[in-house]
Amino acid sequence: MSNPIRIVLVDDEDTILDLFRRSLEKASDIQVVGVGRNGREAIQLVNSLRPDVIFLDINMPVLNGLEAAARIASRFPRTAIAILTAEQSREFMQQAIRIGVRDYLDKLMLRPGDIPDAVRRIHQSRPFVSDETPDRGLASVWTFYGPKGNAGTTTQAINASVELSLMGYDVLLVDLDLTQGDVQFYLQTDRQGEEADDHLDILSNLEALSDLEEERIRNGLQSFHPQGDDLPEGAPDEGLKLRVLPCPTGFHEPSEAWVENLGSLIELLSTMFDFIVFDLAPGRIFERSSALSLDYSERIFLVSNQDIASLKAVHLFTRSLSRTSCTGDKVSVLLSPILKHPGFDARKWFADLKTPMGSVTEIPFDPATAHKAASSGWPYTLSDRQSELAVHSINLVHKALNQEPVTARSPGLWSRFHDALKGAIGR
Ligand SMILES: Nc1ncnc2c1ncn2[C@@H]1O[C@H](COP(=O)(O)OP(=O)(O)OP(=O)(O)O)[C@@H](O)[C@H]1O
Ligand SMILES: [Mg+2]
């Protein structure tokens, strides 16, 4: 027998979930692999289970079914989407068709005996997607963090983001250095930016942004979009797609509501991009906004100067992280040449202390190239690709992409990390 049709059901009402389960019990060619209660869970379930068919209710808490359907359709074209609803609205119906929903089932008319055939019908009607086009999935999240600062963290985050964009990925660089972010300054996105005046200052207004709409958020992002001769050979024809979420314009002390909305924002952005790269504020790991980015991170790049105080901060960070369920291979250490004492061997120092971490690489010392990039608005991965600094960033990105993906999400990492760090400091 061929593989069963794998389906996911998402509805906030038990009666509908029960009806489906009961009517599918005897259908050996259909398997319910997951059940969810809101649109956000729907997206997570599709990401982890990649079902053949998903049934989505429309009116659900957190994220409604049509919004979830739109995001699923754009990232997971192999999953056929069917909408379940008791509301006969022309507007919903038209919206569903525009999204590419395969079927629209009226809950009030649904008879248990019809359900297995409806599943088979929807499965048959799923769109053809060639094997060469993988599902885009949700964004991979990378975080750059310098425990002590002034180590070249922002420079590294920017150049890695540019390199990912040059490879054709849709990349969003998020400046989470809330009080002193430099991304916008280094990339001069404000000066290059189109439609700058009516941009929503997303991170300044996040507390009040309870309804996150994709269009509105997209309009609030800045673009770094060099084209034509400004790009190296092999760059995408349409130019770079790097987008930037700048730090807030004013001083910002994140409240609980702000951090909660940041979580929702990251989840929305994960359905809009291939990569999200965070540049964190130095030394702010106890802040929930920083920790939230770690919760979502597939890779963490620690950028550290080579003085004892900075290395100790890296050691403490990685040791605490390894006491959570977050594995050491998520973490790469980038040793910065900005502060380095002659005769001091940072690698040996880590080895002696048995600091748990993945790879350690050394960033080349090249103030001329780094300063030129920072003051001209042209990252060296674009303008000085032959430089040692650019080669380092290019290799960093390619190596991270070629490595087996490590566990993508570690929800709740912050609290576990917090406890582990407290324990470590107390010792
Ligand atoms: N490899 C390098 N060699 C020499 N100078 C560098 C190098 N990388 C960055 N710099 C310079 O060091 C300075 C700090 O860089 P950057 O802002 O990227 O560091 P940071 O760790 O993000 O700092 P902050 O703590 O302010 O966030 C900049 O002037 C930058 O041009
Ligand atoms: Mg910085």
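**Helix packing and ligand shell**

Modeller: Helix α2 (residues 39-49) and helix α3 (residues 65-75) cross at roughly 25 degrees, and their axes come within 8 Å. Axes are lines fitted to C-alpha atoms, for helices over the stretch in contact, and angles run from 0 to 180 degrees between N-to-C directions. Helices (H or I, at least four residues) and strands (E, at least two) are DSSP runs, numbered from the N terminus.
Biologist: So what does that make α2 relative to α3?
Modeller: Roughly parallel, because of that angle; the term covers angles under 35 degrees, while over 145 is roughly antiparallel, 65 to 115 roughly perpendicular and the rest oblique.
Biologist: Which residues make the contact?
Modeller: From α2 they are Gly39, Ala42, Ile43 and Val46, and from α3 they are Gly65, Glu67, Ala68, Arg71 and Ile72. Two residues are in contact if their C-beta atoms, placed from the backbone, lie within 7 Å. By type, the contact of α2 with α3 has five nonpolar, two polar and two charged residues. Ala, Val, Leu, Ile, Met, Phe, Trp, Tyr, Cys and Pro count as nonpolar, Asp, Glu, Lys and Arg as charged, and the others, Gly among them, as polar.
Biologist: Before we go on, where do the model and its numbering come from?
Modeller: This is a predicted model, in which local features need pLDDT of at least 70 and side-chain atom pairs count only at pLDDT 80 or more, whereas totals for chains, interfaces and linings use all residues. Residues are numbered from 1 along each chain as its sequence is written, and chains are lettered from A and ligands numbered from 1 in the order in which they are written.
Biologist: At what angle do α3 and α4 pack?
Modeller: The angle between α3 and helix α4 (residues 90-99) is about 10 degrees, with the axes 9 Å apart. That makes α3 roughly parallel to α4. Leu66, Ala69, Ala70 and Ala73 of α3 meet Phe92, Gln95, Ala96 and Ile99 of α4. This contact of α3 with α4 has seven nonpolar residues, one polar and no charged.
Biologist: Now the ligand: how many residues surround ligand 1?
Modeller: There are 22, and the closest are Gly149, Gly152, Thr154, Thr155 and Ala370. A residue counts as near if its C-beta atom, placed from the backbone, lies within 6 Å of the molecule.
Biologist: Which element gives the most to that shell?
Modeller: α14 does, with four residues. The elements giving two or more residues are α6 (153-166), β12 (331-340) and α14 (367-376). The shell around ligand 1 divides into 11 nonpolar, eight polar and three charged residues.
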